[in-house]
Amino acid sequence: MHASPFVTVVALLLLGARAEQTEQGEAALTDDTAQCAPYSIALVTNALSSFPTIGQPVLSIPANDTVALAKFNAITGIPNIAPKGVNGTLSNDTINNYPATDPDCWWTSSDCVTPKVSGLAPDISSVPEPRTLGYGFDDGPFCSHNEFYNYLSAQNQKATMFYIGTNVMWFPLQAQRAAADGHQICVHTWSHRAMTALTNEAAFAELYYTIQAIKLVTGVTPQCWRPPMGDVDDRIRYIASKLNLETILWKYDSFDWKVASGQATTADVTANYQSLITAVGAGTFDTVGAIMLTHELTNYTMQTAVDNYPKLAEAFDHLVPIAVAQNKTQPYAETNVTFPSFAAYVSSRSSGGSNSTSSSGAAGGSGSAKGSSPSSGSSQGTTGSSGAVSLQLSYASSGLVAALTLLGAILAL
Ligand SMILES: [Zn+2]
């Protein structure tokens, strides 16, 4: 005997969940409340026992995860630098008493990007291609990002997305969309704490489980990460390097993340974008390109990104994902997933063609191998045709989004 559709709908309503959704189905939603309605997919629910609690800091490796424990215990030579706080919160004493000589190359104190521990690669805070912006967004996947991602697709524009592990587990279909759209995915830790204020094990776990979440959901293993708040020192760089993660920072900050908490005005953010654009005209990036910190944290930050896209595209010669600016055609551990070289990306854009990533095989998680971009093939935003597009975003009123927005404000940057 089959349940009637009515009975099925009532059952789903009683359960408070939607039927198993697909990446394409989720990507087709444009209403904020619909996008942000809770859902679950078997890919994630079946793997929950292999992950720490979603939405909480992971302060130690779960005792039953022998694989992770073995990986962590195999790391030797971690620089003997004390945590700069407790449980991911920086200590004011540490901040105030930290030596001006900056012995740990602590970015939070000095913007240091050249490690003092030998053997560690410098952080990436600019891109090698001149007059180029390494284009990226932190703190996703945000549940209501479809209109923003639709806009990027309409511009045939790829970006680097620094994803929070917990968000990936909450919104796996949104993360799958990023992979399907050809964006580069990097790690932004499991719970967005100050990494230098964590023990070695907790810092490892924050990175490791985010890598695992992204691999589970999108099928790719990221090899780049950005420290929340830029908080990194040589101890954390060392642990990240043992997980094959390159540390990516920035030199310019839009401060879009400060608006939600009232620490900055929208006019401030507009001015920050404008000063970057002015610097392009002044020749600041004639030898090396730029990276600016921007977010998909809230509807405001995404709308601001859209509003400023045509201006950035006109000012810079090229807007490209950071891997493309680095000419990394295999940015993931999976060598069958390839990105275009810088030359190929630029060439395909100037001809209006597709520059999507390609995969010679199933990349893993369902929906992750859509392959081609839904791009309209439109040319660079300098045409101005996109300038008038408004996402018409509005904050959804559901408690979940309110909670997420609040969390985002707390986690901001
Ligand atoms: Zn962040």
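Residues 24 or more positions apart account for 75% of the contacts in the chain with a separation of 6 or more; two residues are in contact if their C-beta atoms, placed from the backbone, lie within 7 Å. This is a predicted model: local features need pLDDT of at least 70, side-chain atom pairs count only at pLDDT 80 or more, and totals for chains, interfaces and linings use all residues. Residues are numbered from 1 along each chain as its sequence is written.

The chain has 17 helices and 14 strands. These are DSSP runs, numbered from the N terminus: H or I with at least four residues for helices, E with at least two for strands. Of the 413 residues, 49% count as buried. Buried means 20 or more other C-beta atoms within 10 Å of a residue's own, exposed means 12 or fewer, and partly exposed lies in between.

Two elements are set out below.

| α10 | 172-181 | Pro172, Ala175, Gln176, Ala179 |
| α11 | 200-218 | Ile214, Val217, Thr218 |

The axes of α10 and α11 come within 9 Å and cross at roughly 75°. Axes are lines fitted to C-alpha atoms, for helices over the stretch in contact, with angles from 0 to 180 degrees between N-to-C directions. The two helices are therefore roughly perpendicular, a class that spans 65 to 115 degrees. Their contact residues divide into five nonpolar, two polar and no charged. Ala, Val, Leu, Ile, Met, Phe, Trp, Tyr, Cys and Pro count as nonpolar, Asp, Glu, Lys and Arg as charged, and the others, Gly among them, as polar.

α10 is mostly covered: 10 of its 10 residues are buried. Among them are Arg177 and Asp181. Gly182 follows α10, with a positive phi near 90°.

**The core.** The largest nonpolar core holds 96 residues. Such a core is a set of buried Ala, Val, Leu, Ile, Met, Phe, Trp, Tyr and Cys residues joined through C-beta atoms within 7 Å. Leu207 and Ile214 touch the most other members. α11 gives the largest share, 12 residues. Beyond neighbours within four places in sequence, Leu207 is in contact with Val187, Thr189, Trp225, Ile239, Ala240, Leu243 and Leu245.

**Ala34.** Ala34 lies in helix α3, residues 32-36. Ala34 counts as partly exposed because 16 C-beta neighbours lie inside 10 Å. Its C-alpha atom is separated by 8.5 Å from that of Ser144, 110 residues apart along the chain.

Notes. Angles under 35 degrees count as roughly parallel, over 145 as roughly antiparallel, 65 to 115 as roughly perpendicular and the rest as oblique.
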